[in-house]
Amino acid sequence: MWANNLKSRYLFFTGKGGVGKTSLACATALSLAQSGKKTLIVSTDPASNLDEVFGVRLGSEPTPIPGIEGLFGANLDPEAAAAAYREKVVGPFRGKLPEAVIRNMEEQFSGACTTEIAAFDEFVRLMADQEATESFDHLVFDTAPTGHTLRLLSLPNAWSGYLNTTTAEASCLGPLAGLKDQKELYRQAFEHLADGDLTTVVLVARPERASLKEAARTQGELSELGITNLSLLVNAVYRIDSTEDPIAQQYAAVVEDGLSSMPTSLKSIPSTEIPLLSGNVVGIEALRALLSGSREVPTSSRSLIPPQSKLLFEQFVRELEQTGKGVVMTMGKGGVGKTRVATRIAQALASHGHSVLLTTTDPAGNVMDVATDSHGDLIVERIDPAAEVAKYTESALQKASQMMDDDALALLKEDLRSPCTEEIAVFRAFADAVAKGTDRFVVIDTAPTGHTILLMDATESYHREVARTQSDAPESVRELLPRLRDPEFTKVVLVALPEPTPVHEAQRLEADLRRAGIEPFGWIINRSFIATGVSEPMLAGKAAQEVGPIQEVLDSAIRVVIEPWTSPLEKADRPQSVAQDVLV
């Protein structure tokens, strides 16, 4: 059994969104508990799916998983952690400072930066605080999608370096306050991460070129941080001896193509292939099937009528373009194909004669790789966090140099080295991209769901701050939230795979957007096997599992497009959705 090789006290699962991190982390935790080891599985993802997999409501404290002795779960809830963190810092001043000052302090602690720091604080507590975790033999971390994970993993080093070299007290202002007394915990957390006797970082990838490339990129960045104790799991490997089914042949070819593209660096670490399952990995029995590598497929034959949508992709784009300009944002769980959907929309708009800018706010976004075909007036760019930080830092220092002396500038430089600067810099770049929609179409491939929610929270915080202070923030920032709430200007496209977890996550995002006053434009159900008419038993078994999730979306949304799975190796042969029975 593949999980037998994963025995470290700390196990981190990371990889590109949608590769199966949660499933494999949960299965590994189950395996450890079944071997008699007391195990805690923790999600550090703002959009955790542990509850759905185990069928139990989890909080920030370890909760027993019903029916499995010795297995506990917890979610590091960023919002709850931020509220607790905010109170920890602001609380001591209540009754001692004027109420207006307290409100100002609370406002400073209401942004995404505070949420990030608070979640990190919880993460460090589990990694380094022996008292909090000494009763567990193993801690399994189901980490956030790759971009967020890299930030999280880099924070112990970044913060330790920052605190070690800071000579001023500037870090005691704003959301950085209260961190200094944690310095020893940060040092211990990073030591544990880099200690091969204590920790294994499990890179999870699909047998696809982009996924394996992302795993290799993660490997390189971890190596730069001194973390080399890695293992690779290639999830959902599909091989078949012979079949007449053209879809199955194409899918097997994509898998073989992906495996053949394995980057050289990944070949140097221990790796295991996990076979594709026909069913969704939800519940204890499904986790046991994943552990055993079961190839069992449904033996009964039944005819299913695929759920139908009357709206095709081309018609969807025609409705998007009726205003002639504005912003289109693709949102959804990581790995559902947001980048390719955003690229197709941008290319379709450009082919209709519109001026289009295609960009991404995803730290791991690859629109530059996907949008290789130019159609009409289409510009492709990426919001580069490093470049935005450099631009923001230069601008801030230049502006401050006109009114500060050398000592004050030294304090400012220290603050700008904070990881929080990236959040602010990327946020401003996002606002600038949205502002460009006043005279053209701007298609934004957004980050995975958790990051997107944090970004939207930042928008709300900035809007309140701007309204309260009438500060000198750029017009793009002042106008951001009104533009996002204007249905004539901004159209949000929710993207999901026809599986329970991506659909439910997108539905939660839909509810969050509505609470923020933003009404989603429509849905695209991506990579549907049931829409291809596949008949090979394993893939037809997967197709049969799509009926429920697709129908859930059709029952609640006005505009829904069901896109069939197509081989990325045969881009020209995109089939239309089919209306036919599927034999299982």
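This is a predicted model: local features need pLDDT of at least 70, side-chain atom pairs count only at pLDDT 80 or more; totals for chains, interfaces and linings use all residues.

Visitor: What does the protein contain, by helices and strands?
Guide: There are 23 helices and 17 strands. Of its 584 residues, 55% count as buried.

Visitor: Why is E319 called partly exposed?
Guide: Its relative accessible area is 28%. Buried means under 20%, and exposed means over 50%. The value 28% falls in between, so E319 is partly exposed.

Visitor: Where is E319 found, and what does E319 touch?
Guide: E319 sits in helix 12, residues 313-320. Leaving out residues up to four places away in sequence, E319 touches L311, F521 and R559. Contact here means heavy atoms within 4.5 Å. E319 and F521 are 202 residues apart along the chain, yet their C-alpha atoms are separated by 9.7 Å.

Visitor: What makes helix 1 largely enclosed?
Guide: Helix 1 covers residues 21-34. In this helix, 13 of the 14 residues are buried, so the rest of the structure largely encloses it.

Visitor: How do you know that the span of helix 1 is close to the expected one?
Guide: The expected span is 1.5 Å times one less than the number of residues. For the 14 residues of helix 1, that gives 20 Å. From first C-alpha to last, helix 1 reaches 20 Å. Just after it, G36 takes a positive phi of about 95°.

Visitor: Why is helix 13 called mostly covered?
Guide: Eleven of its 14 residues are buried. Among them are K338, V341, I345 and L349. Just after helix 13, G353 has a positive phi of about 95°.

Visitor: What makes strand 3 and strand 8 edge strands?
Guide: The open sheet has eight strands, in the order 3-4-2-5-1-6-7-8, with mixed pairing. Strand 3 and strand 8 each have a single partner strand, so one side of each is left without a neighbour in the sheet.

Visitor: How do you know that strand 7 and strand 8 pair?
Guide: Pairing needs at least two bridges. Strand 7 and strand 8 have four, in the parallel sense, so they count as paired. V234 stands opposite E273 in strand 8.

Visitor: Which helix packs on the sheet, touching strand 7?
Guide: Helix 9, residues 209-224, does. Helix 9 also touches strand 1 and strand 6, and its direction makes about 155° with that of strand 6.

Key. Residues are numbered from 1 along each chain as its sequence is written. Side-chain values use heavy atoms; hydrogens and water are left out. Buried means under 20% relative accessible area, exposed over 50%, partly exposed in between (1.4 Å probe, protein chains only). Helices (H or I, at least four residues) and strands (E, at least two) are DSSP runs, numbered from the N terminus. Axes are lines fitted to C-alpha atoms, for helices over the stretch in contact, and angles run from 0 to 180 degrees between N-to-C directions.
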